[in-house]
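Hi,

Here is the structure I promised to pass on.

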Amino acid sequence: MIKKRELHECHELYDLMAHPDVFPFVRQKAYSYDELLFLTKQTIEAEERGELISRTILDEWGNPIGTINLFDIQENAGFLGTWLGKPFHGKGYNQPAKDAFFSELFFELGMETIFMRIRKVNTRSQKAAEKLPYVVKANESRKSLYDQLNAQEDVYDLYEIPKDLYTLYLYQLQQSPEEEQALEA
């Protein structure tokens with residue numbers, strides 16, 4: 001479902017990224033295939049330095065369909081950035097990719113917090129984030145970071161995925177129905 005980034009995927013990823021429904025939401029924008037190749041090489045090098053973590057999202061046949069990233073890593077925390085090519089929107093690829101990425105970040109790479117900044121006008125993404133039991137709206141609890149994100153203009157809401165809430169979510173998923181009934185009693 002996800003794997004480390006490789007340069008040979010750039011052709012397919014560039015074609016998917018260039019779609020007008022996708023391009024505005026990509027953090028690392030490339031205006032040509034060559035620019036994406038250069039950015040991907042920089043991304044791989046930045047990951048080696050511990051500055052970010054980037055994975056390619058794959059379909060069930062192993063074809064690249066998007067990327068998922070943790071940017072601006074500091075103190076075992078970073079900002080999530082993900083995009084999928086337009087033909088793959090609404091097909092069920094996003095959540096399994098996030099689950100695989102979050103498990104790697106929290107349980108293999110030692111991250112403690114994943115932040116998401118979502119534009120206030122993007123109500124669809126806000127509602128999707130707020131449905132998840134492990135996501136916390138952090139505008140107040142992380143006020144200084146929230147203010148930093150909105151220093152120029154009040155554009156973003158800040159969300160947080162703490163490792164402990166994500167771990168609890170996974171634990172609850174693994175419980176059998178009998179254990180759930182015993183806990184509820």
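The model is predicted, so local features need pLDDT of at least 70 and side-chain atom pairs count only at pLDDT 80 or more, while totals for chains, interfaces and linings use all residues. Residues are numbered from 1 along each chain as its sequence is written, and side-chain values use heavy atoms, with hydrogens and water left out.

Back to Arg27, which sits in the loop between α1 and α2 (helices are DSSP runs of H or I with at least four residues, strands are runs of E with at least two, and both are numbered from the N terminus). Leaving aside neighbours within four places in sequence, Arg27 is in contact with Phe71, Asp72 and Phe79 (contact means heavy atoms within 4.5 Å).

Seven strands form an open, mixed sheet, in the order β1-β2-β3-β4-β5-β7-β6 (two strands pair if DSSP finds at least two bridges between them). At the edges are β1 (2–4) and β6 (136–137), each pairing on one side only. β1 runs antiparallel to β2 (residues 53–58), joined by three bridges, and here Lys4 stands opposite Arg55 of β2.

β4 (residues 77–84) is worth a look: seven of its eight residues are buried. On one side, β4 pairs with β3 (residues 64–74) in the antiparallel sense over seven bridges, and Gly66 stands opposite Leu84 in β4. The hairpin of β3 and β4 has two residues between the strands, and Glu75 there takes a positive phi near 50 degrees. β4 also pairs with β5 (residues 113–119), this time in the parallel sense over three bridges, with Gly78 opposite Ile114 in β5.

Together, β4, α3 (residues 94–108) and β5 make a right-handed β-α-β unit (right-handed if, with the strands pointing away from the viewer, the path from the first strand over the helix to the second runs clockwise). Ala97 is found in α3. Why does Ala97 count as buried? Because its relative accessibility is 0%. Not counting residues up to four places away in sequence, Ala97 touches Met1, Ile2, Ile57 and Ile68. The C-alpha atoms of Ala97 and Met1 are separated by 6.0 Å, although the two are 96 residues apart along the chain.

Finally, α2 (residues 33–48) holds Glu47, which is buried because its relative accessible area is 19%. Apart from neighbours within four places in sequence, Glu47 is in contact with Lys4, Leu52, Ile53, Ser54 and Arg55.

Cheers

How values were computed:
Buried < 20%, exposed > 50% of the residue type's maximum accessible area, 1.4 Å probe, protein only.
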